[in-house]
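Welcome! Take a look at the sequence and the model, then read on.

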Amino acid sequence: MTEFLFWLYPAYIKSYLSTISKDDADALRFSLLNGSLCPAQKKDMEVVIRFYAATAFCWNCAPRSD
């Protein structure tokens, strides 16, 4: 299932998220965050976003805390 999630994010989730309209406050937050991170931090942020977006999309793949 992990291979599917690695495919799912760039093929579907990322493009979908980029089409969602943001209000002014959200656009400002995204702009401030994007402008304040160095390239390595941007790459790390993309990995974290990919993980949470794919995991939220596929609840059966989510780690369990039982």
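**How confident is the prediction?**

This is a predicted model, and the protein chain averages a pLDDT of 83, with 86% of the residues scoring at least 70. Among the elements of the chain, helix 2 has the highest mean pLDDT, at 90, while helix 1 has the lowest, at 83.

**The largest pocket**

- The largest pocket has a volume of about 390 Å³.
- It is lined by 15 residues, and the closest to its centre are Leu 17, Ser 18, Lys 22, Phe 30 and Ile 49.
- Three helices each supply at least two residues of this lining: helix 1 (2-19), helix 2 (24-36) and helix 3 (39-57).
- Helix 2 gives the most to the lining, with 5 residues.
- By type, the lining residues of the largest pocket divide into 7 nonpolar, 5 charged and 3 polar.

**A nonpolar patch on the surface**

- Tyr 12, Tyr 16, Leu 17, Ile 20 and Phe 57 form a nonpolar patch on the surface, and together they have about 490 Å² of accessible area.
- Helix 1 provides the largest share of this patch, with 3 residues.
- Tyr 12, one of the patch residues, is found in helix 1.

**Salt bridges**

- Side chains of opposite charge can pair when their charged atoms come close.
- The structure holds 2 salt bridges.
- In one of them, the side chains of Lys 14 and Glu 46 meet at 3.5 Å, N to O.
- Lys 14 lies in helix 1 and Glu 46 in helix 3, so this pair ties together parts that are 32 residues apart in sequence.

Technical notes. Residues are numbered from 1 along each chain as its sequence is written. This is a predicted model: local features need pLDDT of at least 70, side-chain atom pairs count only at pLDDT 80 or more; totals for chains, interfaces and linings use all residues. Side-chain values use heavy atoms; hydrogens and water are left out. On a 1 Å grid over the protein atoms alone, a cavity is a set of points where a 1.4 Å probe fits but cannot get out, and a pocket is an open set with protein on both sides within 12 Å along at least five of seven lines; lining residues have an atom within 4 Å of a point. Grid points are joined across faces, edges and corners, and a volume is the space filled by probe spheres set on the points. Helices (H or I, at least four residues) and strands (E, at least two) are DSSP runs, numbered from the N terminus. Ala, Val, Leu, Ile, Met, Phe, Trp, Tyr, Cys and Pro count as nonpolar, Asp, Glu, Lys and Arg as charged, and the others, Gly among them, as polar. pLDDT is the predictor's confidence in each residue, from 0 to 100. Patches are made of residues with over 30% relative accessible area and no salt bridge: like charges are joined within 9 Å, nonpolar side chains (Val, Leu, Ile, Met, Phe, Trp, Tyr) within 5 Å. Accessible areas come from the Shrake-Rupley method with a 1.4 Å probe; for residues, only the protein chains shown count as cover. A salt bridge is a side-chain nitrogen of Lys or Arg within 4 Å of a carboxyl oxygen of Asp or Glu.
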